[in-house]
Amino acid sequence: MPVPPSRTPLRLPHVVCSLVLLALLAGCGAGGFAGTEMSGGATDQARGSGVPGPPGAAASAAASPAGVPSSVLPVPSPPAASPQPAELPGLGPKTRAAVPATARQAFVVTGDSVDDNRSTAVLYTRDGPAGPGWRASLGPWPAHNALNGWTDEHWEGDLRSPVGVFTLTAAGGRLAPPDTALPYDLSPDFRVAGEGFHGEPLEGSFDYVVAIDYNRVPGTSPLDHARPLGEERGGGIWVHVDHGGPTQGCVSVTEDRMKELLGALDPAMEPVIVMGDAESLGR
């Protein structure tokens, strides 16, 4: 007896289409992309995840929003560089206020403590009052200051360096200068002899000097003896070549550092020196 035809339509064509589609997908996963090579592990990754490509492609696809290819997602920007400090570091509001707004170079000399004769020197530069912040351009360098440390009120013979902000307008020395934009007084009168407080020879200490405009007429030779505040308030405070020990009131750095400093200081940038112990400068 013939079997009556089933009322359920035969779905064989759909099954065949599905098998053909699976075969095509398997071929894409196994063969990879044109122009690339894929290891066996990468092939397994592609087959297991349904995402062709090297290991990690599945994770990238999973992290992408639905329907958005990872290749068109925005790439995170690298972290921005740290900005330059807007203010001179280590200084308090009172000291910063004493730095002229027009100054674009500041030689900051920071003593370890009020009674210490060792300090650290850094030259900071900025492009302008409205431009980027201060940046260290030279240093830090080890330095010496006066034997007894620092004082807010310097007097002749107290063996302390004056605390404050002072302009730097002239230089000089016994030796011909390196390239420098500062007015430079070349003179044999910068000679010095004898010994320092620790018995070290002083010869050569004034081969290169930069005058600190404490109790002096700015712009004149470091050898100028005019003392606007009076002789009793001391004078002749310079940045000079270090002789290996404390000074009577000056700041000293090694000869090679002095040459670098002379080459960097520019009158057009209205340089100043900011000097004192860390506690005083932090006010």
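**Fold, strand pairing and pockets of the predicted chain**

Among contacts in the protein chain (heavy atoms within 4.5 Å) between residues at least 6 apart in sequence, 59% join residues at least 24 apart. The structure is a predicted model, in which local features need pLDDT of at least 70 and side-chain atom pairs count only at pLDDT 80 or more, while totals for chains, interfaces and linings use all residues. Residues are numbered from 1 along each chain as its sequence is written, and side-chain values use heavy atoms, with hydrogens and water left out.

The protein chain contains six helices and twelve strands; helices (H or I, at least four residues) and strands (E, at least two) are DSSP runs, numbered from the N terminus. Of its 283 residues, 36% count as buried, where buried means under 20% relative accessible area, exposed over 50% and partly exposed in between (1.4 Å probe, protein chains only). The accessible surface of the chain is about 15700 Å², and carbon and sulfur atoms account for 59% of this surface. Accessible areas come from the Shrake-Rupley method with a 1.4 Å probe, and for residues only the protein chains shown count as cover.

Strand β12 spans residues 272-277, and six of its six residues are buried. Two strands are taken to pair if DSSP finds at least two bridges between them. Strand β1 (residues 105-111) pairs with β12 in the parallel sense over six bridges, with Gly-111 opposite Asp-277. Strand β6 (residues 164-167) pairs with β12 in the antiparallel sense over four bridges, and here Val-165 stands opposite Val-274.

Pockets were located on a 1 Å grid over the protein atoms alone: a pocket is an open set of points where a 1.4 Å probe fits, with protein on both sides within 12 Å along at least five of seven lines, and lining residues have an atom within 4 Å of a point. Grid points are joined across faces, edges and corners, and a volume is the space filled by probe spheres set on the points.

The largest pocket has a volume of about 630 Å³. Its lining comprises 33 residues, of which Phe-206, Gly-235, Gly-236, Gln-248 and Cys-250 lie nearest the centre. By class, this lining has twelve nonpolar, 13 polar and eight charged residues; Ala, Val, Leu, Ile, Met, Phe, Trp, Tyr, Cys and Pro count as nonpolar, Asp, Glu, Lys and Arg as charged, and the others, Gly among them, as polar.

The second largest pocket has a volume of about 150 Å³. Helix α4 (93-98), strand β6 and helix α6 (278-281) each supply at least two residues of its lining, and the largest share, three residues, comes from α4. Among the lining residues are Lys-94, Asp-152, Val-165 and Arg-283. The lining of the second largest pocket divides into four nonpolar, three polar and three charged residues.

Most residues other than glycine have a negative phi, and most peptide bonds are trans. A cis peptide bond joins Gly-139 and Pro-140, with omega at about 10°; Pro-140 is found in strand β3 (residues 135-144). Leu-159, which is not a glycine, has a positive phi of about 55° and lies in the loop between β4 (150-151) and β5 (161-162). Glu-270 likewise has a positive phi, near 50°, and is placed in the loop between α5 (255-264) and β12. Glu-270 is partly exposed, with a relative accessible area of 41%.
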